[in-house]
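Thanks, everyone, for making the time this morning.

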Amino acid sequence: MRDIFKAEWLRYRLWILAYAVGHLLVLAFFNRLVDLGQQPINVRRLFGAVYAITGILLGLHQMGTWRRPNQWINLLHRPVAPRRIAAGLIGAGAVALLAGVVLPLAAIVAWQAWGTPRIVELRQAILPAAALLIALCGYFAGAYGLLADRRYSAAGLVLLAWIAVADASGPAALAVQALACLWLLAMVLIAFRPDLGEAPRSAMATVVTAVPVQMAVYMLLLLAGFVGELLWIMQGTHPNNMSTPPRGGHVEAERMSGRERMIAGLAGATSTDAALWREQVVLSDVHELDRQVRSIGTRGELNNTMPIEFDDPETRSHWTFSHGRMRFEGTGLADGRPAGELGIGGGNVAFDAVASPAGVLPGIAKGDATIIAGNTLYQYLSAARRVVPRVSVPHGEWLLGTTPIGGSLAVLSDRSVYVVDGRHLLDGETPPVPRYRVPIPGEPGDLYTTELVELVDGYLVSFTFTQRAHTMLGAPPYQTVLWVDDAGRVTPVATHALHQDFPTFYRYTAWWASPVMYRVREMAAGLFAPVDPLGTTAIPPIPGSVRALAAVLALLSLCIGGWVAWRRASSLPARAAWTLGCGIVGIPALVGLLLIVPRREGIVDDTVHAVPAT
Amino acid sequence: MTTFRVWLGALGALVLAIPAFATDEAFELALRAERERPWAARFERDAFLVRPAIADVTMSPDGKRFAFIRGVDDRRGLWLAAIDGTERQVLASTDATGIAWTRDGRWLLVVSARRLFAVAAAGQGGSRLLAELGGAEERAFMDADPARDAAAIVRERSLEAAGSTRSWRLVRIDNEGRRELLAETPDRIGGYALDGNGRLAFLQVMHDDRMVTWRLDADGARHEALHCEEMHRCGLWPRLDGEGRPWFASDIGGSLRRLQRLERDGTLSDMLADPRGEADLADLVADPSSGLPMLGVFRGTVAINRGIDRTTQAHIDAIERHYRGRAVTLQPGRSHWLVVERGGALQGARYHLYDPVGGHFSDILDDMPRRARDGGMAQWLPEPAMARQLPFSWTASDGMRLHGFVRVPPGLDPAGVPLVAMIHGGPWGQVAPEEFGTGYAQFLVNRGYAVFEPNFRGSTGFGRDYMLAAKGDFGNGRVQQDIVEGTQALLAAGVGDESRVGIVGASFGGYSTLLGLTWQSELFHVGVALVPPADFAWDLTWITRTREAQVLSAVLPFERWMSLVALDLGDRERMGSLHMQSPLANAARMNRPLTILAGGDDQRVALRGVLGYVARLTLLGKDVTLLVDPVAGHQNERAVAREAGMYLMAEALRGPFDGVAETPPDPTLREYLMDNLRVTGGHVASAAHGITTASSATPPALAKDGR
């Protein structure tokens, strides 16, 4: 094994060295331009994709050179167990990735930590480990692609896709990556056998192989649906791409201006003031409430879900939020030297949630900024170098954004809209009590937009719930208009349901294609992930027609799967399991059966009997 | 006995009425003179909007040089000139809003919204930034140090952790940037007085709702020397006299503000007051040598300067004789005085030098004005073609004598022209004498209207009693009655055709316009309201919820200020009464053509209130036109916006009064109107229609057809 490892290392060492040097130079270049420790998810995905492709290419090349029949026989016909041979090859591949991917990255992290005043804490320190796991996943997926039966050897990529879509963050993301890595390793070891392309033998090996294969089939089905949607778009009848969207639908509502939407929302109003409100809306500016926080950051996350840096041009300082300290750490813009720490108030108290700069408000001094963290809007006072609370919503709510409106401040949380007087907003000792509170009549994940119109006596507030109406997870689209009067009383004005622009079977494609695979996908994506408070939707029950379609498909899969299984080379329990699996999982299991379990080899002449040697 | 009393009363009334009769006679003579003047040519709108190329002219203490800003917009430069006419540019570009000379005359303190610079003015080096202004500390330039040679006095605040005020500081900053803390106090500093050594001897702060003046001992101990409250005024002059006595611009012990000196025994001596007994002391000018007040300025129905002593008065007399009928602003230097000349018919200002030794006058800085839109060279409107500002006083139905001004078109019979009442804002504001103004009044006069600008009770400049006489009756009450009675008195005096009377105004003037069309529609046949609150009480309450209340509370808490002018916002009865009389609550009564211009970023008048009012009117099918400039605040200085105001005003008045059509808008103005007209009503709709057809464009995005 050691010799194989050495030989492989020597075979790739120059390439590895070149890759490592190139990698280091690229990282150093970008690290001069930006703080690589503070990047959003898409930058992390880009780097992850590069590392995954690196691993895939290495796996493909390494196993590709050994997979040729002569080479393979030569490799395995040694006085070494195949597992030890595999360990030698994989060990060499892993060390190559360690040298080419991890070491440069670790060097950059170390440079960040000891050579710059930038923040390096656990979430940055584990980046090399994440890179290694992603690269290994790619490597295993590449290796599996050449060792397994070509009909399903690409199924390893499913586990890479899992890493890409998993919602887990921070160390939990490492756990997901490690699970994917172990699964792929198991798949490689199952495929690493003298008879390449042979179907898995044990039940466990079959399960380890079948699950990714079925998920891959499921994803291909969804991809086919996407291709169909592309054709729909080309045809010009897709609701999102029609020049005039369907009347009364949610696409039309989303394309309206705020004023048009508010007027449409008032169409069914029966209040005696409705006519006056319509007149005023026609004349007024309709304010769409800003949402500076689009998603909630999680402490210790690998990427920055939301911006966590801001500059103070007055004091020439740059502030970055530290997940470790839960405070902002300052550096000088001119000299890059540490410029102190910013918590809340004079006591420099730690923030109770990840803090994100949220722009400026009218009336604040030059250099000042606002910060949103948890349920509170803070003001950074440049002159005093302090952070003080300005607006708070009740504990348990997330403050998402603020919009100055006519001398007041409208505040959007995940559950309510508040209006706060502007008078003592920026110089009060404590945050002012909001003058109005309007509960949001729906779930935050469904809310597409919130609009507000000032009246002489209060406000009209319109909520449009269409955000996920095109999927099976979103509430049926609707719009609600409320009136909050000057005394703070909230009165419903009108609610009207919007038409569904997308057919039911389109919205439920992911479900009826395979309810079980859909559930597995959801569970896998959410494994170890924190609950997203902004993602909550009012999920409607699955329509009977969709359930019926899924049942028909499952039944068909069961029948066809049973028929196929009995004609495949496998044991009776395996046939029964596959048949049952086809009934439960549906089409993905049926296709998986066709791909994984080989045909029974036909007997040329079943009348020939064994004849004793003579 | 009864008969005797009647006759005595009648005699007394006759004696009191004699000045009024004299005024009436003078007014008739003035009207006759206006009618006999040649008829004026018509000028285009942009001629009324030209901007001066010279601003902030400031005389050096020695009277041998003067500094000024030349240019407009981003081409403004700081210049320095000697009295022999030689000029040199000191700064090629500046955003200065003010200039002051240091006491030694070697430095210019250049003040902008953000910074205070010391600029070397005597050929020496060392120009530097002295302080950042504004910001969280609200640092503000107060004066050039009246006791030290080269220093400035600034006020600033220190902050608590939450950003509120911890203390106020008075700081001296010398020309090398060295700071000296003169005082620090929890209360907002309103004034100060330095002794001859530059020591802070008196400090004036706003404590609760009282302006308190402390005398400061050498060891820092404070003793209350004077306080004023209940809307009394007592501005502290920044320099003590030779005997260590402070001077005040104060109305303590009376109604009119005058120059008073605090004697050692604590009594106040009157030093200078309006000789006509009519107007407040509007301004004081310092002696360049002693730093003490040298002359006072009074702006009642006429503009007067008054010297502190006979010598000064002799010079003032000579100057006012030379520029008779003008409002002159004087800046004495030791060798020469700067004379700034303004007049009711004189567009812009003219600058002159006065030699107090020889009594000679010379003209300086005769730069042509600039066009408002593009800054190109323009011409001043010819004074002979402009209307003069005629003082007009009348007696209200409750016996109070009120003042105002009238402009009538030259060469026309004033009784036959339409009359427009132009109401000033505030309401705590004033129409001053011999002021050309914003150009709106002269523009309307040039279009053939007589323009009446009343200083109704509540106006400033005529004493505390005059201002407080409104007693908060700002609905369809006493103040509105003043305006109506003034208009009627003017009609009775032979100005205006009573069947063609309109009303226009901005801010409170706009509110009065809405009131006039709602409650006095038999008198006012058309109205144009700029940034009008449709419900005064509602708007005041709205302000209390906004940051503007903090801005307005700079001296006195806003609610306290309002209660002192009889507008207690917590008084439900008073507020309810104002609301019941408001145009908003009585929209159905408004039956005259109305044009409203509003600002989308107005912090004084809530746009929502304006829109709510217009929505009610449109729902009721009234003839209303609405323009909203989304980026404009309570004031709109943009040239195109001001021209739009003139255009819409002229068009709005033209319809009911059968006037001459206004020159059609050029493409820039047309685009502005198309973008911002939200409702077009009546005859303004036809003008708007002309706009759209002329440009072949789609109608204004939001404009609703007139109903």
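Predicted model: local features only at pLDDT ≥ 70, side-chain atom pairs only at ≥ 80, totals over all residues.

Residues are numbered from 1 along each chain as its sequence is written, and chains are lettered from A and ligands numbered from 1 in the order in which they are written.

A few terms, then. A residue is buried if 20 or more other C-beta atoms lie within 10 Å of its own, exposed if 12 or fewer, and partly exposed in between, with C-beta atoms placed from the backbone; two residues are in contact if those C-beta atoms lie within 7 Å. Helices (H or I, at least four residues) and strands (E, at least two) are DSSP runs, numbered from the N terminus.

With that in hand, α18(A), residues 587-596, is mostly covered, since nine of its 10 residues are buried, among them I587(A), P588(A) and I596(A). For chain A as a whole, 44% of the 614 residues count as buried, and the secondary structure comes to 18 helices and 17 strands. Its C-alpha trace spans about 110 × 65 × 40 Å along the principal axes.

How do the two chains meet? In the model, 34 residues of chain B are in contact with 33 residues of chain A. On the chain B side, α7, α8 (547-552), α11 (607-619) and β36 (677-679) each supply at least two residues, and the largest share, 10 residues, comes from α11(B).

Now to a sheet in chain B: four strands form an open sheet in the order β24-β25-β26-β27, with antiparallel pairing, where two strands pair if DSSP finds at least two bridges between them. The edge strands, each pairing on one side only, are β24 (327-332) and β27 of chain B. Strands β26 (346-355) and β27 (360-364) of chain B pair over five bridges; in β27(B), S362(B) is the bridge partner of L353(B), and F361(B) is that of Y354(B). Their hairpin has four residues between the strands, and there G359(B) takes a positive phi near 75°.

My last stop is helix α6(B), residues 508-519. Why do we call this helix largely enclosed by the rest of the structure? Because 12 of the 12 residues of α6(B) are buried, including F508(B), Y511(B) and W519(B). What covers these residues includes β30 (419-423), α5 (478-492), β32 (501-506), β33 (526-530), α7 (536-544) and β34 (594-599) of chain B. As for its length, the expected span is 1.5 Å times one less than the number of residues, so the 12 residues of α6(B) should span 16 Å, and the end C-alpha atoms are 16 Å apart, which agrees.
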